[in-house]
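Have the viewer open as you read.

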Amino acid sequence: MKTKKLFLLPALLLAGCSIDSQEKLSILTPTGAPAVVFASFLNDSNFKVIDQPANIIAQMVNENVDIAVLPTNVGVQQIVKGLKYKIASTITFGNLFICSTGLDEDGVMGDDDYIVSFQENAVPDKIYKSVYDVAVDYYAANAQEAAKCLKLKRDVVNSKDVDYVLMAEPAVSKQESIGTDFSIYANLQEQYQTKYDNQQIFQASIFVRDSLSHELVDSYLGRIKSYVSSLKANPSLLENAKQLDQNAETTLGIDIAATVAAIKKDNAIGIGYEVAYEHKSEIDTFLKIFGMTETNEEIYYK
């Protein structure tokens, strides 16, 4: 692996510089925080953002995609089932926060409070349940509905007063920007680290097709790693995404201004880049909250 191919200048990345004189790899990622990491690929015709991870899995089954991003647990489950991919790196490490509407008189979340969450039994819910034993009263249809409950301080379906809402960045920063009255009750990433001996949440990861050349994969992974580093150092670089795609916010499924604000808040959106096989034990800890067993080293890209 040649270092010169791994670390491209941020200016080139933001200009949408592709990897020349090599085969172009196809990339699929879900919207939201994972898509932010791939903003420099917005003008690459082989890059696609998809709303539903299930649609990404369908493409992986037929080996129609080279680089795919999935919740870590989902991707590993698919490999165990026989998909010919390996987990290469993790790029998001949690962006979940419990927000207080201010209606709870004692200010301590408990069973007597009305709590709203979203994505029942999916990643946000599993992470919440791994550190809290306080029952959720209402599951919003999606993160957007959860944000509406926070803004109105009311369950929009049952008209119940709401005390606490589980939210994900950049939606939290978006609510701050529009003046919604709330406060952060808990940072779920910190609560997870406290419970699991300072380990991180290995939330969404990059999976690569087995048969690809290492040189080509490494060049792409290097570009992604370099862009993440640049973005964390200078979040405003994300604003240049609109130069690559005038519909960047719709494509990525984010509010760019809110995302920039979230990254500026000590990287509240939780983007990063870690080589997966170097963090096998932390990935195993994360997978346990989904009832999964220890991973085999053979599933890791090395």
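In this predicted model, the mean positions of the 27 positive and 40 negative charges of the protein chain lie 7 Å apart. The accessible surface comes to about 13600 Å², and carbon and sulfur atoms account for 45% of that area.

What about the overall form? The C-alpha atoms fill a box of roughly 65 × 45 × 30 Å along the principal axes. A compact globule of 302 residues would have a radius of gyration near 19 Å, so the chain's 19 Å agrees with that. Its secondary structure comes to 14 helices and 11 strands. Of the contacts between residues at least 6 apart in sequence, 72% join residues at least 24 apart.

Now for the interior, where 56% of the 302 residues count as buried. In soluble globular proteins, nonpolar side chains tend to be buried together.

| Nonpolar core | Size | Residues included |
|---|---|---|
| Largest | 61 residues | Met60, Ile98, Tyr128 and Phe286, those with the most contacts inside it |

Beyond residues up to four places away in sequence, Tyr128 touches Ile98, Met109, Ile115, Val134, Val136, Leu166 and Leu188.

Is Thr72 buried or exposed? Thr72 has a relative accessible area of 0%, so it is buried. Thr72 sits in helix α5 (residues 72-80). Leaving aside neighbours within four places in sequence, its contacts include Ile87, Phe202, Phe207, Ile283, Phe286 and Leu287.

Terms used: Residues numbered from 1 in each chain as written. Predicted model: local features only at pLDDT ≥ 70, side-chain atom pairs only at ≥ 80, totals over all residues. Heavy atoms only, no water. Helix = DSSP H or I, 4+ residues; strand = E, 2+ residues; numbered from the N terminus. Buried < 20%, exposed > 50% of the residue type's maximum accessible area, 1.4 Å probe, protein only. Contact = heavy atoms within 4.5 Å. Core = buried A, V, L, I, M, F, W, Y, C linked by side-chain atoms within 4.5 Å. Rg over C-alpha atoms; globule rule 2.2 N^0.38 Å. Areas by Shrake-Rupley, 256 points an atom, 1.4 Å probe, with all protein chains shown as cover. Lys, Arg positive; Asp, Glu negative; His and termini not counted. Charge placed at Lys NZ, Arg CZ, Asp CG, Glu CD.
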